[in-house]
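Here's a quick tour of the model, from the overall fold down to a few residues. Take a look at it first, then read on.

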Amino acid sequence: MLTHLPILQVIVPLMAAPLCLILSRPRLVWLFALITSGLAFLISGLILQQVMASGTIIYELSGWQAPWGIEYRIDQLNAFLLLIISAISTVVLIAADTSIKQEIPAEKQTYFYILYLLSLTGMLGIVATGDAFNVFVFLEVSSLSAYALISLGKDRRALWAAFQYLIMGTIGATFILIGIGLMYQMTGTLNMHDLSIRLPAVEHTRTVFTAYAFVIVGICLKLALFPLHLWLPNAYAYAPSIVTAFFAATATKVAVYLLIRFTFSVFGLSFSFTAVPLQILFLVFGLLGIFVASTAAIYQTNVKHLFAYSSIAQIGYMIVGFSMTTITGLTATLLHLFNHALMKGALFLALAAVMYRIGRVQLSQFQGLGRQMPLTMAAIVIGGLSLIGVPLTVGFVSKWYLILATLENGWWPVAVLILLGSLLAVVYVWRIIETAYFKPLLAGSGTIKEAPLSFLIPVWILVIANIYFGIDTRLSVQVAQSAAQSLFGVGL
Amino acid sequence: MNLSLQSMLQLSIILPMLTTLAIVVTGRKPNLREAVTITTCLALLYFTVNLYQGIKQGESIRAFWWELLPGLQISFSIEPLGILFALIASFLWLVTTVYAIGYMRSHEEQNQTRFYACFAIAIGSVMGIAFAENLFTLFIFYEVLTLSTYPLVTHAGTEKAKKGGRIYLGILLSTSIVFFLLAIVSTWFMAGTLDFKPGGVFASDVNTSVAGVVLLLFIFGIGKAAIMPFHRWLPAAMVAPTPVSALLHAVAVVKAGVFTVLKVCVFIFGIDLLAELPSTQFLLYLAGASVLLASLVAMRQDNLKARLAYSTVSQLGYITIGALLATSAGVIGGSMHIAMHAFGKITLFFCAGAILVAAHKSKISEMRGLGRQMPITMAAFFIASLSIIGVPPTGGTWSKWFLLMGTIEAEQWILMTVLVISSLLNIAYLLPVSLHAFFSTDKTSTAATGIKEAPLPSLIALCISTAGCLVLFIYPQQLYELASSILGTTGGAHGK
């Protein structure tokens, strides 16, 4: 059983998705989805344990040997990502029942869970697989279900946002496919490990350059790197709240994973960063992303929009860490991947609770909420502080590594810019806090009750995780560090 | 109670934080709530006095909590400068609480529970700062102090208070995040440790121009020390209720700033390295400019609290100068001035609050003739003014004496002149307040209505702190011993 964990990780949610149709009542479906996701979480925990103890797991699908068959290859990086995705998915699902009941019509609720599980399957698949074409397949699985999930949003603009995402996402996926195709043409293999061995021989050809360009641009579309981020704010803002919480914490992380996997493992460090001036490009776009998106966040009136822009800025931080091409820099990126998932998961779930009680998440609606929904607002405050990077929260840990990495490279001005960027976070977080705590309740809104426990429990699980992993950093730092080391080490 | 010194050290940080919970729980019963606060104050004072005795007997007191990242520890140890700061803060917290009970009730302030709760967190973090064994621990509590005092500044909830709060938080948080944090990471990167060590942590062959930049980052990053141009938060914080201005913005918060500056200068750079850095001289002049300019601005303020705030900015410059002089007299003078200025300035703020409560006046121009109505308050104001100026028979004499000695030792003639001129300016903006109150008559209002002092608890508090100014003149020995042992001890490296 234990040897089959890698495939179980993907197959469990995949099989569970259609089974939802049999269970008719939405509540049962929810329970089933929750259990499925919990199972995936358990599996990912076991996988991580195994990988940390005994190194990379290689799993050949139905016994076909690579590179002919599809192989799942799970090292620390994959295992780390699998854990993040399945954990967030499970925690978010706890609140889904209550939230979905209000935001999605009853007849569509079953479909919601099916799509949710498919999307989860897609993300887990992208991370688990060691086959480039398989990546594309799972990317489409997760993306197509994502478009549908977003379009379920109560707001009619959700349709438009989903369409926008569909166009951009499809372009991204197509680019990736073209890139993979070109690589196949040059090497005759789709297995990533095999690619990394065969590519160096042909790396001077224009075709490989083209393939590389297509793959990178396609991934950057998916991860919403500035200036390819335009699809993200609306998609996050108008999707059902639960979907936003799930995607904000996971979807872009998967894309960051792909970026790391393709540059470090498939194309190899020396090709990725010497053939193309990628370092400077990523550094500049990362920093621009931090500043432009943070500034945009300051001017948002819809809090979901606000945090969506903040997400784009946080991706900027990850990309800056990535652009350092040092172990510390990559550690910072991976840490922030994990930490940002915790922050945004907590924040968007708290927003889902606000949505549940008030029905809107305009900033003006937050007036006086500090007294009306004290626990929800406290969660937003702590999540916000974590976003700023206050000590004893996870945000501080990733920022510490990021600054350390810039100093190691001798990039003093970058260190200053990163810190200035977090000042912008102070501004947009504080707008919410000030509105919630120091403005009187909106006239005529009556009394607003604290969010129900089904929200508070998952929100506070994530908030406590924000603090816990900000203090006990052993797990996250150790995994991130060893993953970064192995990426820089012998390579795959 | 038979507590070990180590547990006292930890309790002095934890207890105020726990008290917050008790305050929130007892919030509906004001008397009980205040009893909780007073009890904690007394316990805290008991702890710090005991810790002081322990330090005097040469014991090394250390506590380790947690290792956040490899090498980054949250740990505490006590050295003379820290215990000096902790003693002052815990004693004056007690006095301020007594004062606040009178003030807050007669002023009918809202949200008193939140007020006392945040106050307790703030004091807990001050203790954390005072006892921090390394820069990292200090930084954590430094940030907690900023965040916990924000609700106190915006206490009134008015538009003006919110604006003040924004400036307060904006400057303190941004300087600490951008400069202070960067300085800390750079120190970690260059020295490989953040522990406070006597003589500093940098290797002797460190690149002085890089270290000079790090020093700049530190001095600008420690916004709580209110060096110009990062002083604007202090006047902005004056929208807070007077007890907050008194304890936090004359004692705890600002002193946490200059305390950190002293710690960094003595235990991170070490005064030998400090004297060699190219940026030290520039920073000294900047601090000198801060002293003079703030005094000049203070003269033009008609609002009493604003005048006191600018006076604080100026006096903080003295302590920064003391630290940067890199001489033993400078460090002694600087650390003694922490105590002297604390007692003087808190008294002045107590008086300002008393005048507001009893006579409802906040403008200096309206205070003519007030001495007849509030003789005790105004007498206290007079004595405290003397201490700030630095003339006998008040404690301020000693610290200014050593600071001047320090400038002479370092042959900084310009700075010596600055200090002397600033003392003259102090006279010009502080003494007229009480003199006019006693010797001028108010022509606008008809007649003095007899004696009407502030509520009794406030009056008692005010007298205690005034007495402190005088006692420190007569018995400065203990303080001097503490201050002079800062450079001589093994400091924060106990057990290493």
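How many helices and strands does chain A have? Chain A has 20 helices and two strands, with helices (H or I, at least four residues) and strands (E, at least two) taken as DSSP runs numbered from the N terminus. Before going further: this is a predicted model, so local features need pLDDT of at least 70, side-chain atom pairs count only at pLDDT 80 or more, and totals for chains, interfaces and linings use all residues. Residues are numbered from 1 along each chain as its sequence is written, while chains are lettered from A and ligands numbered from 1 in the order in which they are written.

**Overall build of chain A**

For 492 residues, a compact globule would have a radius of gyration near 23 Å, and the 21 Å of chain A agrees (C-alpha atoms only; the rule is 2.2 Å times the number of residues to the power 0.38). Along the principal axes, the C-alpha atoms of chain A fill a box of roughly 70 × 60 × 40 Å. Buried residues make up 62% of the chain, where buried means 20 or more other C-beta atoms within 10 Å of a residue's own, with C-beta atoms placed from the backbone.

**The two strands**

Strands β1 (residues 57-60) and β2 (residues 71-74) of chain A run antiparallel, joined by four bridges; pairing takes at least two DSSP bridges. I57(A) stands opposite I74(A) in β2(A). In a regular strand the side chains alternate between the two faces of the sheet. Both faces of β2(A) are covered, as the table shows.

| Side of β2(A) | Residues | State |
|---|---|---|
| One side | E71(A), R73(A) | buried |

**One helix up close**

Helix α17 (residues 394-408) of chain A has 15 residues and reaches 22 Å from its first C-alpha to its last, close to the 21 Å expected, which is 1.5 Å times one less than its number of residues. Of those 15 residues, 13 are buried. After α17(A) comes G410(A), with a positive phi near 75°.

**Where the chains touch**

Two residues are in contact if their C-beta atoms, placed from the backbone, lie within 7 Å. The contact takes 21 residues from chain A and 19 residues from chain B. On the chain B side, α6(B) gives the most, with 11 residues.

Definitions and conventions
Buried ≥ 20, exposed ≤ 12 C-beta atoms within 10 Å, placed from the backbone.
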